[in-house]
Amino acid sequence: MRWVGFTVWFLSAVDIALICYVDAVDRMNFKSCQQSSFCRRCRGVQPGKSSYELHLNTLKVEPSSIEAEMVNTENGARFRFQLFALQDGTFRMKINEWAPLKPRYEVQYALQGEPLLNKLKVIERTAELVSVEAGANKVTVHAIPFHVDLFSGDELVISVNARGLMRFEHMRLKPEQSEGGEKTEGEDGPHHDDTVSDPGAWEENFKSHHDTKPNGPTAVALDFSFIGAHYAYGIPEHADSFALKSTKNMDPYRLYNLDVFEYELNNAMALYGSVPVLIAHGSTHTVGMFWLNAAETWVDILGTADQNVVSSIVNFVSGSATPPQVDSHFMSESGIIDTFFMLGPKPKDVFRQYTKLTGTAPLPQYFALAHHQCRWNYNDQDDVRNVDNKMDEYDIPNDVMWLDIEHTDSKKYFTWDPIKFSQATEMINNLTAKGRKLVTIVDPHIKRDSNYFLHNDAENNDYYVKTKDGKVFEGWCWPGSSSYLDLLNPEVRSYLSSQYLLQNYHGSTLDLYIWNDMNEPSVFNGPEVTMHKDCLHYGGWEHRDIHNIYGLLHTISTYEGLLQRSGGKLRPFILTRSHYAGSQRYTSVWTGDNTAEWGHLQITIPMCLSLSVAGISFCGADVGGFFKSPDAELFVRWYQAAAFQPFFRTHSHIDTKRREPWLFDEHTLSFIRDAIRKRYSFLPLWYTLFFEHEQGGAPVMRPLWAEYPSEVPTFALDDEYLLGDKLLVHPVVHPGVSDVSIYFPGPQDVWYDIDTHRKIQGGGTVKIPVTISKIPVFQKGGTIISKKERIRRSSSLTHHDPYTLFVAVDRNGSASGTLYIDDGQSFDYRKQKYLYLSLEFNGNKLSSRYLDAAWYPSRSWLERVVILGLPPGVTNAQVESKSGGRVTVETMYNSETQSLTVRKPAVSIAEEWTIVLQ
Ligand SMILES: *[C@@H]1O[C@H](CO)[C@@H](O)[C@H](O)[C@H]1NC(C)=O
Ligand SMILES: *[C@@H]1O[C@H](CO)[C@@H](O)[C@H](O)[C@H]1NC(C)=O
């Protein structure tokens, strides 16, 4: 959530009201590339012969890496080039200064550990190049000019510095500081060095803010060409299309975590999070690239249509038509060049390769996948109790009530408003009694109040971020004057973690979970609403170096706290706004302060797909839109769409009308209720998909091309996606429509409407009629989905409820699927306490088998099986299991929908069983 205006505390109530209705983002508050000196310099590099050269006579070959000296021939600056072969088709390339004046920041905490090395073999070595091989992949490093070609098998897939846009600004002394007015090394060469003439190189102003830049120009930039790629995806977070656009005639995509008030759609402006991961996809292969840098970063993208002839790419198989290509240019303000190449070749290989580096999302608690009810703010404990009771009264399942900043004692986190929330524990216990949870907000800014224990602890222990002069940094945020915890310091993180312990967080219980907001960090009166880049962190690092991981550090601290709080037993649940590569190991992410407009509903799909392919599967957007008030139709459509997105929470700004579903007319209420209840029926599928995500890294919500990589019409879709490989979702995101055009992939595949069971042939676009109650969702033929169709007040109350299986047959009459079950909350699943079942149907026999040796004593049983796309002729079914023996049960055939229902097979889900149709 976000404040309402830039200078609210100086204004009257009338002014505030005016500011509230300003329509869109104030672009003037945020830099363009032209206003950022390093972006200007890096973007100004012209394609052509690069001035960087490798001295291959210095080549050192180790079992898993090679290393050589590199020089910038324009100014003599020296660098160390390293290439590492990593396991599973991945390479890492690092370039750093040979002997920097000061160490340059190398990003910590994003990787889940040291990447595992692979053996490499030098297969060719001359004065001009060295080629190495690892597994099925090959890399050729060219010395003059420096460029690198990466091959998947024999196919050139990535070319580095092919356009010669590399720039590595070595650290230097400030010109007037050097002795006797002499110029420092390298600045008197024959070539023009624009870092000297750039007025922003050593200090820079933006609006009223001054950046002292004591280290001067330190940018790093490099270009990457993806040969054979139709499109590039990823590098969230932007409110833009899923397939990245050419930035030829606009600003580059910007990665700089910012609290952007009323963000605009369809542009490359920075938002709350940064994940510098790009996936390039073409019809023959998929690759990925991870730019491990936490400083402000800009990324230019060029598509096939706007390519210049790239002379240094000489390795094309000649004769054929020019393959498609995407070029990218990454530019960061500081740090080093540290890049990972995931060579695929299939989309799922790239997802696995990337998540081996930064980790997958741990399986969430079952409740976290259910429905969440939030507002800024539920006024007091009576309000919470009333909303909670109304959920039951109106038959709307809900698992979590949320409290925004107003629940605290004057914005002091870990406290409660003494009047409005005088009985916090009782309030939580009342929720617990219905199987529900509470989430409270904890932001990283700390109120400077000598009556606040956290502020006093932070002052006394020197836990705050400092200004460039070494004083405690003070900025404005929700509480007024605030300071910011220096989360780069491990001691500060563990201090913050300990605040979550039940004995420290008074009033809390194990059923309270955490929302981390404003962690970009948001500083209302800071440059671009964030912290000054010359502020200082633990270890002497500038904020400039670590800005984009501040939110990651915040959630690491929260995760550790929640983990310790339960003695390592319960899985933490956290929601964050700011995020970076690796955030998925700790937290879910939402897309921040959106608006109650159709365009904002539409953008939820590409925004969450972009996060998903960049490793962050647990994504959602505020249902209904945070700013403004949705009309009934938009509100219904938003619930319907979000019911099929991973994180499902409704939220709204404090100035908007209350919008609990029962405040709308009866029809609207019933459509919203139906959408939420539908979500609950599919929770077993969501849970299974998240388990499989943790194991293998494939996104839960995925683009169609993840499953149909060579099907070109799927490449640029922004309005539909798959859940696992099982459901095709194309929500209605436009007003007043009576049909939607849906692309069904797979000429060999069939799809079944989950409501009507109508069968649709894949491989083309079909117009599907819709009414206001319709959510267009289709089950893929060949899959089996498990559902729980008894809907209760909260998901935990359904733990022992029976399952219904939906078997949708493919053109051969077969289907298969999986079902994952455990206790829904603890880490016992890591001790083999779960059930992971393989479900197979081959035309007349459906069976369930354990996929591994794990076991969990589920008391659930099989209530019903529905088989879609089955020809007539079955009269009954024989059910066989160890404890139940062999029994015959009734079946019912619906010839209109060609579906067979097997009634009450009644086998225990924890046992292996077989059902034979006869
Ligand atoms: C808890 O529930 C009881 C019973 O409904 C109610 O009387 C009490 O006020 C609730 N407490 C709070 C703090 O909401
Ligand atoms: C049907 O079976 C054939 C032969 O076994 C197989 O090649 C094909 O992939 C199957 N089709 C589907 C849709 O599974």
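In the predicted model, a polar side-chain atom of N430 sits 2.3 Å from an oxygen atom of ligand 1. On its own, ligand 1 exposes 360 Å², and 56% of that area is buried by the protein. In R385, a polar side-chain atom lies 3.2 Å from an oxygen atom of ligand 1. In E426, an N or O atom of the side chain is 2.7 Å from a nitrogen atom of the ligand.

Ligand 2 was examined next. The residues around ligand 2 are Q748, D810 and N812. The side chain of D810 has an N or O atom 3.2 Å from an oxygen atom of ligand 2. Taken alone, ligand 2 exposes 360 Å². The protein buries 33% of that area.

Attention then turned to one helix of the chain. Helix 14 runs over residues 683-696 and has 14 residues. From its first C-alpha to its last, helix 14 reaches 20 Å. That span is close to the 20 Å expected at 1.5 Å a residue. Helix 14 is mostly covered, with 11 of its 14 residues buried. A residue counts as buried when its relative accessible area is under 20%. The buried set opens with a run from L683 through P684, L685, W686, Y687, T688, L689 and F690 to F691. H693 and E694 are also buried. After helix 14 comes G697, which has a positive phi, near 85°.

The overall fold was described last. The secondary structure of the chain comes to 15 helices and 49 strands. The radius of gyration is 28 Å, close to the 29 Å that the globule rule gives for 918 residues, so the chain is as compact as a globular protein of that length. Along its principal axes, the C-alpha trace spans about 95 × 75 × 50 Å. Of the 918 residues in the chain, 65% are buried.

Technical notes:
Residues are numbered from 1 along each chain as its sequence is written. Chains are lettered from A and ligands numbered from 1 in the order in which they are written. This is a predicted model: local features need pLDDT of at least 70, side-chain atom pairs count only at pLDDT 80 or more; totals for chains, interfaces and linings use all residues. Side-chain values use heavy atoms; hydrogens and water are left out. A polar contact is a pair of N or O atoms within 3.5 Å; within protein, one must be able to donate a hydrogen and the other to accept it, and residues adjacent in sequence count only if both atoms are side-chain atoms. Accessible areas come from the Shrake-Rupley method with a 1.4 Å probe; for residues, only the protein chains shown count as cover. A residue is near a molecule or strand if one of its heavy atoms lies within 4 Å of it. Helices (H or I, at least four residues) and strands (E, at least two) are DSSP runs, numbered from the N terminus. The expected span of a helix is 1.5 Å times one less than its number of residues. Buried means under 20% relative accessible area, exposed over 50%, partly exposed in between (1.4 Å probe, protein chains only). The radius of gyration is taken over C-alpha atoms; the globule rule is 2.2 Å times the number of residues to the power 0.38.
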